[in-house]
Amino acid sequence: VQLQASEGGLVQAGGSLRLSCAASGQTFRSYVMGWFRQAPGKERDFVAAISWSGGRTSYADSVKGRLTISRDNAKNTVYLQMNSLKPEDTAVYYCAAAREITIVPGSYDYWGQGTQVTVSS
């Protein structure tokens, strides 16, 4: 599975942004998809994950109610809708694929290239 994330961007605090991640290969729908983020000097942190069917999701406490993960298996794409953005959401965001929902980065088998999201105050 190869993952290609869309460009991030610069947004003001309180604004919105949607990231997408397109996957190659017909096995996309068999994978759990996740989003992680990494701020400068910090570890890569779990943001959200979604089951292969889209019926189950998991979120980090820091993003609950503001960020929403979704997927379109017909388009081999996973999305991260980000609303009410805060300066502390500034990071490089990564999409990833795993066999089960987990918050552990090491359990994800495939990773996208990362995309910068900057939220200005």
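The paragraphs below go through a predicted model, taking its sheet, its nonpolar core, its disulfide and its salt bridges in turn.

The sheet comes first. Four strands form an open sheet in the order β1-β3-β8-β7, and their pairing is antiparallel. The edges are held by β1 and β7; each has a single partner strand, so one side of each has no neighbour in the sheet. From one strand to the next, the twist averages 20°. Within this sheet, β3 and β8 run antiparallel and are joined by six bridges. One of the residues to look for here is Leu17, whose bridge partner in β8 is Met82.

In soluble globular proteins, nonpolar side chains tend to be buried together. In this model the largest nonpolar core has 37 residues, and Trp35, Leu80, Met82 and Tyr93 are those with the most contacts inside it. Two or more residues are given to this core by each of β1 (3-5), β3, β4, β5 (44-50), β7, β8, β9 and β11 (115-120). The largest share comes from β9, with six residues.

Apart from neighbours within four places in sequence, Tyr93 is in contact with Trp35, Leu80 and Met82, among others. The list of its contacts also includes Leu19, Phe36, Val47 and Val117, as well as Gly114 and Thr115.

How many disulfides does the structure hold? There is one, formed by Cys21 and Cys95, with their sulfur atoms 2.0 Å apart. The pair connects distant parts of the chain, since Cys21 is in strand β3 (residues 17-23) and Cys95 is in strand β9 (residues 91-98), 74 residues apart. A disulfide is a covalent bond between the sulfur atoms of two cysteines. The link of Cys21 and Cys95 is right-handed, with 55° about the S-S bond. Are these cysteines buried or exposed? Cys21 counts as buried because its relative accessibility is 0%, under the 20% limit for buried residues. Cys95 is likewise buried, at 0% relative accessibility.

A search of the whole structure finds three salt bridges. In one of them, the side chains of Asp89 and Arg37 meet at 2.8 Å, N to O. This pair also links distant parts of the chain: Asp89 is in the loop between β8 (77-82) and β9, while Arg37 is in strand β4 (residues 32-38), 52 residues apart. Asp89 meets Arg66 as well, in a salt bridge of 2.7 Å, N to O. Arg66 lies in the loop between β6 (57-59) and β7 (67-72) and Asp89 in the loop between β8 and β9, so the pair ties together parts that are 23 residues apart in sequence. Through shared partners, the salt bridges join Arg37, Arg66 and Asp89 into one network.

Asp89 is buried, at 0% relative accessible area. Arg37 counts as buried at 12% relative accessibility, and Arg66 counts as buried at 10%.

Another salt bridge brings together the side chains of Asp61 and Lys64, at 3.2 Å, N to O. Asp61 counts as exposed because its relative accessibility is 65%, over the 50% limit for exposed residues.

Terms used
Residues numbered from 1 in each chain as written. Predicted model: local features only at pLDDT ≥ 70, side-chain atom pairs only at ≥ 80, totals over all residues. Heavy atoms only, no water. Disulfide = S-S within 2.5 Å. Buried < 20%, exposed > 50% of the residue type's maximum accessible area, 1.4 Å probe, protein only. Salt bridge = Lys/Arg side-chain N within 4 Å of Asp/Glu carboxyl O. Core = buried A, V, L, I, M, F, W, Y, C linked by side-chain atoms within 4.5 Å. Contact = heavy atoms within 4.5 Å. Pairing = 2+ DSSP bridges. Axes fitted to C-alpha atoms, helices over the stretch in contact; angles between N-to-C directions.
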